[in-house]
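Hi,

Here is the structure I promised to pass on.

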Amino acid sequence: MAKNFVSNNDETVVMFKNPFLEKLSRIHWSVPLFMYVPIAFYFLYRALFVSHLDVLSVIGFYIGGIIVWTLLEYVLHRFVFHAHFPGKLGARISFIVHGVHHDYPKDSKRLVMVPSISIPLAVIFYTLFYLLLGPVYSSPAFAGLLTGYLIYDMTHYAIHHYNTKSPFWLSLKKHHSIHHYSESDRGYGVSTKLWDHIFRTMFRKTKESMQSEEV
């Protein structure tokens with residue numbers, strides 16, 4: 001099987017000559033938790049104690065926000081992270097956006113989204129929720145979206161750096177491992193395989209051949 005990575009150690013490559021930009025391209029896995037958990041609680045607080053939504057409505061829109069994230073995760077991974085932009089500049093952009101992660105999949109400082117990407121995305125999607133759902137229902141939905149994002153980031157880090165005996169987590173780890181080491185044009189889901197099943201991007205290999213892939 002062709003080698004689809006440069007290094008499987010916890011190391012990386014310098015992406016930017018500018019030290020400041022280089023520093024911005026790295027992040028500890030816990031940073032998104034410190035950033036977004038308080039924001040998610042704030043929007044849940046707004047829904048319950050400012051807008052006075054009933055609990056069932058809050059739960060419904062919260063779960064809906066999580067589901068929306070799982071679709072967004074799939075779409076971003078498939079159509080943005082794995083986009084092949086033309087020319088030398090396009091190749092450079094592709095490498096910065098996601099190629100570096102496939103070359104150095106164990107790099108612990110480039111496994112969760114950096115704030116320079118996650119903050120603009122959060123602003124864009126809160127704005128969309130606000131416009132579509134209004135100021136009241138957008139609060140629990142956005143809290144759910146943030147929760148889904150955090151589940152994705154933490155799952156992605158754990159898949160690459162933690163051992164588990166749980167059949168559920170082992171299944172996700174196997175799924176993502178095959179995406180990295182064998183079929184990078186399939187298996188775009190990280191926190192769930194749902195959309196890979198729906199959009200028929202599950203792996204071509206048989207279950208037997210999957211079992212031999214590197215995890």
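Of the 215 residues in the chain, 42% are buried, meaning under 20% relative accessible area with a 1.4 Å probe and protein chains only. Please keep in mind that this is a predicted model, where local features need pLDDT of at least 70, side-chain atom pairs count only at pLDDT 80 or more, and totals for chains, interfaces and linings use all residues. Residues are numbered from 1 along each chain as its sequence is written, and side-chain values use heavy atoms, with hydrogens and water left out.

The chain has 8 helices and 0 strands, taken as DSSP runs (H or I, at least four residues, for helices; E, at least two, for strands) and numbered from the N terminus. Its radius of gyration is 18 Å, close to the 17 Å from the globule rule, so the chain is as compact as a globular protein of that length. That radius is taken over C-alpha atoms, and the rule is 2.2 Å times the number of residues to the power 0.38. The C-alpha trace spans about 55 × 45 × 35 Å along its principal axes.

Now for α3. Its 27 residues should span 39 Å at 1.5 Å a residue, and the end C-alpha atoms are 37 Å apart, which agrees; the expected span is 1.5 Å times one less than the number of residues. Among the buried residues of α3 are Trp69, Glu73, His77 and Phe81. What covers the buried residues of α3 includes α2 (31-50), α4, α5, α6 (167-181) and α7 (194-198).

Best wishes

Notes: Buried < 20%, exposed > 50% of the residue type's maximum accessible area, 1.4 Å probe, protein only. Contact = heavy atoms within 4.5 Å.
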